[in-house]
Amino acid sequence: MRKLIYGINITLDGCCDHTKFTGGDEIQDYFRELLENVDLLIYGRKTYELMVPFWPEVAQSQSMNEAANAFARVFAKLERVLVSRTIKEVNDTQTTIIGDNLKEEVMRLKQLPGKAISTGGVELPARLIELGLVDEFHLIVHPLMVGQGRRLFAEMQLPEHLGLKLSGTQTLSNGCIALRYEKI
C-alpha cells in the first residue's frame, strides 16, 4: 500500500502560517526531494489555490531562483487531487476532485499502484490524521518564535494518542531542523 506523507514548515512555537517566516533554498530542496518520491498530491482548497497554478506557471517560465525552479519542475509533473465540497471543476488536466467520502477515496488512492502520496496544509491533513490515514510526517522546524499566527493542529480531535517513531533528522545550514516521523 502506498504511504501518505504529510510535510509542513513550523516555528518553534508551533506557528504554521507561511507568511510568518521565509523559506530558503535548502528548504525548497528538501521538499523537492520529498516530491521526487511521490506521484500524487492531495490538497484541500486553500493549499491547492496557493500551489496551483503558481508552481506549474513557474515550471513553465523558470522565473525564480534555481531551487524554486527545480521544485516547480517536479511539482508540475505530479498528478493532483483537490478535496473540496465547494469547487466542482478546475482548469487543470492533472487535477481530480474529491467532494465526499474522504476516507474511502483516500484509501482507494493508497491501494492503487504507484509511489507515495503527499499532502500539505493544515485543515485537510488534520482530518486525514484523525482518520488514521497519514503514515509519515515531515516537519521543518524553523528557529523562530512568532508569538501569533495559525497553530498546527490547534483544533484536531484524535480518538486516541498517535504514536510516532523518529525515523530521520537533518540539520539545515539556516538552523532549521527537518524531522521525519513514521506512524507506529
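1. Let's start with the rings: Tyr43, Phe54, Trp55, Phe71 and Phe75 make up one aromatic cluster. Rings of Phe, Tyr and Trp (its six-membered ring) pair if their centres lie within 6.5 Å; planes under 30 degrees apart are called stacked, over 60 edge-to-face, and the rest tilted. Before going on, note that this is a predicted model, where local features need pLDDT of at least 70 and side-chain atom pairs count only at pLDDT 80 or more, while totals for chains, interfaces and linings use all residues. Residues are numbered from 1 along each chain as its sequence is written, and side-chain values use heavy atoms, with hydrogens and water left out.

2. How many aromatic pairs does the structure hold? There are six. In one of them, the ring centres of Tyr6 and Phe153 sit 5.8 Å apart with planes at 45 degrees, so this pair is tilted. Tyr6 is in strand 1 and Phe153 in the loop between strand 6 (136-142) and strand 7 (164-171), so the pair ties together parts 147 residues apart in sequence. Helices (H or I, at least four residues) and strands (E, at least two) are DSSP runs, numbered from the N terminus.

3. Tyr6 has 1% relative accessibility, so it counts as buried, whereas Phe153 is partly exposed at 21%.

4. Now look at Trp55 and Phe71, an edge-to-face pair with 4.8 Å from centre to centre and 70 degrees between the planes. Trp55 belongs to helix 3 and Phe71 to helix 4, so parts 16 residues apart in sequence are tied together. Both Trp55 and Phe71 are buried.

5. Those two turn up again in the largest nonpolar core, which has 29 residues; Phe31, Leu35, Met51, Trp55, Phe71, Phe75 and Ile140 have the most contacts inside it. Such a core is a set of buried Ala, Val, Leu, Ile, Met, Phe, Trp, Tyr and Cys residues joined through side-chain atoms within 4.5 Å. Helix 1 (25-35), strand 2 (38-44), helix 2 (45-51), helix 3 (54-61) and helix 4 (66-77) each give two or more residues to this core. Helix 4 provides the largest share, six residues. Apart from this core lies another, of 28 residues, including Ile8, Leu102, Leu133 and Leu139.

6. Check out helix 3, where Trp55, Pro56, Val58 and Ala59 are buried. They span an arc of only 160 degrees around the axis (taken from the directions from the helix axis to the C-beta atoms), which puts them on the same side of helix 3. The buried residues of helix 3 pack against helix 1, helix 2, helix 4 and strand 3 (79-83), where contact means heavy atoms within 4.5 Å.

7. Last, the strands. Strand 1 (residues 4-11) pairs with strand 5 in the parallel sense over three bridges, and strand 2 runs parallel to strand 5, joined by four bridges. Pairing requires that DSSP finds at least two bridges between two strands. Ile5 stands opposite Ser118 in strand 5, and Leu40 stands opposite Ile117 in strand 5. In strand 5 (residues 116-119), Ala116 and Ser118 point one way and Ile117 and Thr119 the other, and all are buried.

Terms used
Buried means under 20% relative accessible area, exposed over 50%, partly exposed in between (1.4 Å probe, protein chains only).
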